[in-house]
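Work through the exercises below with the sequence and the coordinates at hand. Each task is followed by its solution.

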Amino acid sequence: WRRTTFNLDCFPQALNGRKGYAYLDNFDANTGNLWRFIFIDDRHVNFILECVNTADGERGFLAPDLTLVAEEEGGAVWQYTPCVPFRGQRRDIAVQIRAEGSSLILCSDEKARTVLLLTPEEADVRNRQGEWTFNNAWELSPDEEIDDSCWLPLYYLEVPPDQKLPLPPTDPTPA
């Protein structure tokens, strides 16, 4: 998801945990870029983020200080809010991720390739040209090896109607 200025020279960026902390790296990085939402409540609102392909092959859970920890209990609890998609790819879902019990938003700075927790006011900073400094939402894309029949439909069947993210269209518009 992007609201900052697009840079044609930069390969699409994604949340990565390969170095033991959250940062941005290439979408197609070999490690650190596959994340699983572990929902911890029946309403599927609160979750822990698990990096499932860390560099050392171990599990890593995103902690409140944006480092990866080995134990699920040390992982931060997050909440999502649906948002308007940027790319609008059929299998992508756009969300804003917040730290549970706070107003802090999980944001990214593509120029610095960093991931930060910012207040809404901090996230809404613009540069002198009026362009956004930070991205304040994320697009969730299923791993390419997971087909629609086992990702979106099952997810949407399990989530209560009032908590569902907007479902992308099932039939792509012909070009």
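Rings of Phe, Tyr and Trp (its six-membered ring) pair if their centres lie within 6.5 Å; planes under 30 degrees apart count as stacked, over 60 as edge-to-face and the rest as tilted. The model is predicted, so local features need pLDDT of at least 70 and side-chain atom pairs pLDDT 80 or more, while totals for chains, interfaces and linings use all residues. Residues are numbered from 1 along each chain, and side-chain values use heavy atoms, without hydrogens and water.

**Exercise 1.** Count the aromatic pairs and classify Tyr 21 with Tyr 23.

Step 1. The ring rule gives 5 aromatic pairs.
Step 2. For Tyr 21 and Tyr 23 the centres are 5.5 Å apart and the planes 50 degrees, a tilted pair.
Step 3. Buried means under 20% relative accessible area, exposed over 50%, partly exposed in between (1.4 Å probe, protein chains only).
Step 4. Tyr 21 has 37% relative accessibility and is therefore partly exposed; Tyr 23, at 5%, is therefore buried.

**Exercise 2.** Classify the pair of Phe 39 and Phe 47.

Step 1. The centres lie 5.8 Å apart and the planes stand at 65 degrees, so Phe 39 and Phe 47 are edge-to-face.
Step 2. Phe 39 is partly exposed at 24%, whereas Phe 47 is buried at 0%.

**Exercise 3.** Which charged ends sit over the rings of Tyr 23 and Trp 132?

Step 1. The criterion is NZ of Lys or CZ of Arg within 6 Å of the ring centre and within 35 degrees of the ring normal.
Step 2. Lys 19 sits over Tyr 23, 4.6 Å from the ring centre.
Step 3. Arg 126 sits over Trp 132, 3.6 Å from the ring centre.
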